[in-house]
Amino acid sequence: MDKLSNKQLALTAAKARFLGVTMVYEAASGHPGGSMSCMDVLTTLYFDEMNVDPKDAKNPDRDRFVMSKGHCSPALYPVLALRGFFPVEDLKMFRRIDGHMSGHVEMKYVNGVDMSTGSLGQGISTAVGMAMGAKLKGQDYRVYSILGDGEVAEGQVWEAMMAAAKYKLDNLCAIVDVNGLQIDGRTEDVMPTEPLDKKFESFGAHVIKADGHDFDSIKAAFAEARTVKGQPTVILAKTVKGKGISFMENQAGWHGKAPNAAQYAQAKAELEAKIAELEG
Amino acid sequence: MAEKIATRNAYGEALAELGNKYPEVLCFDADLAGATMSKTFWDAHPDRFFDMGIAEGDMQGVAAGLATCGFKPFTNTFAMFAAGRSWEQVRNSICYPGLNVKVVGSHGGLSVGEDGATHQCIEDFALMRVIPGMTVLCPCDANEMRQAVEALINYDGPAYMRLGRLAVEVVTDAIPGYKFELGKGAQLRDGKDVTLIANGIMVQMALKAADLLAAEGIDARVIDMHTIKPLDEEIVRKAAEETGAIVVSEEHNVIGGLGAAVAEFCSENCPVPVVKHGVNDEFGRSGPAPAVLELYGLSPEVMAEKAKKAIALKK
């Protein structure tokens, strides 16, 4: 696949946001807030950074991705669809009793998903296992995982980081989607997790700060991560929850709520305008 | 007197030996390798052993990740922390995606002894059995354990296996025609008046209970139900039809374990008295293992009494 320009990445992310919010609207349930916040990072992963092939989704040498914040299926599923892992029409099956697309990210029935997730804190451990697998088999694939900044309150995240440091998993790159909000409110109020940089550094990771909505910043962070030897990388991606849909931005209430018809119409109009602008 | 070996020792030796034959087998522990006996594998295959520290949840998740890469991971810790502490990681990271991880819980039951209730897991069969698609095992002796380990290596899917701390008599090697088969109970002794179904250390006790009953003219069948799930329904149905009364004995709470599984099956398919013999919904306590087992009624004598109760319920 030819590399995309930043403008093409932005266009892809805007299309993914539109598909994601549409999925949630049509299912009348789902998690738009955190899906919108990590969409630019995820788009960069699948369209610029990761070595994956939709025609050979189980290739043992492929790079892996684990959506540790597994409720962000409205981010991952649209990106996988746009990347060609399955038809965009499949997204209509999201959360439907007669569909195959479960509410949380699911590997058994959705092509291209490397790990089923949903229970917070668990995905990053499985990513550690995949990274260990590459070391054991002498393969050079890389493993990426997106976590929420609320999710890092789970003790298992730190258990996983200790293991990643112990086994010198420089093929592991975790990205924390630092949108500052979680279900019950601001992360600094619910359970303060900062200073994330010092915490992850003290657990043995190489920490990179990035702007999670700036493609140059995201690409530079991934490039730097590739140069790190003997330790895992954690990218702290500063983001805006609900990014790209004005009334959802920076609102904790949009963590796990579907828009009504009027709200969806507004979201659609905003994202279509963005797509038109980027296509123009 | 038959040889006495703890199933944990037999497990460690079997896994280490089979590690030569199966290079995709990996072994994990959470800082208890010398007790769970995963250390035997560690010594033999240091490049395929991983001490994950006192972080059981992470250990299960890491194993799940490696299973997606084609490895066959065995995770080891005490039953309490495998089935208890990391229950949800086992459910969501291993069982829900159907990954090929073998979760091994050593030191199951009251026979942990002196360490007391916090380490005496009497809930693991219930906790693991209730997860959809999970296979649950508790072999009774070294001979059976060796065969169970290889069967688990060749079984593609999640499974839980309990190991015991105590050295126990090897009994299955003396049974003519005995062969371990995953999901199939082994009849160790025939009988027509009552059936004693047991697993783990209660199998040896069931053979002794059958002797006690024989002295009173009661002919007891003994079934070693090493696989708790999936339950061997045919052997249970046959026992119900041919002996008309069943006692299920396990080193586990009487709630939720093998006794419950047998009672659930019989009540819907072949209703006969099913009397449960186990820990009566209470925590254990510290003490030498034989004394703890005796105090909680886990003995051949109490099992024989339960058999008479089951026979009296036949009508």
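The legends below describe a predicted model.

**View 1. Overall fold of chain B.** The secondary structure of chain B consists of 13 helices and 14 strands. Along the principal axes, the C-alpha atoms occupy a box of roughly 60 × 40 × 35 Å.

**View 2. Burial and contacts in chain B.** Of the 315 residues in chain B, 61% are buried. Taking contacts between residues at least 6 apart in sequence, 80% join residues at least 24 apart.

**View 3. The buried face of helix α10 of chain B.** Helix α10 spans residues 233-243, and its buried residues are B:V236, B:A239, B:A240 and B:T243. Because these buried residues fall within an arc of 105° when seen down the axis of α10(B), they line one face of the helix.

**View 4. The cover over α10(B).** Several elements of chain B cover the buried residues of this helix, including the strands β10 (194-198), β11 (220-224) and β13 (246-253). The helix α11 (258-269) of chain B also belongs to this cover.

**View 5. The exposed face and the end of α10(B).** B:E234 and B:E241 are exposed residues on the face of α10(B) turned away from its buried side. Just after the helix, B:G244 adopts a positive phi of about 75°.

Notes: Residues numbered from 1 in each chain as written. Chains lettered and ligands numbered in written order. Predicted model: local features only at pLDDT ≥ 70, side-chain atom pairs only at ≥ 80, totals over all residues. Helix = DSSP H or I, 4+ residues; strand = E, 2+ residues; numbered from the N terminus. Buried ≥ 20, exposed ≤ 12 C-beta atoms within 10 Å, placed from the backbone. Contact = placed C-beta atoms within 7 Å. Arc of directions from axis to C-beta.
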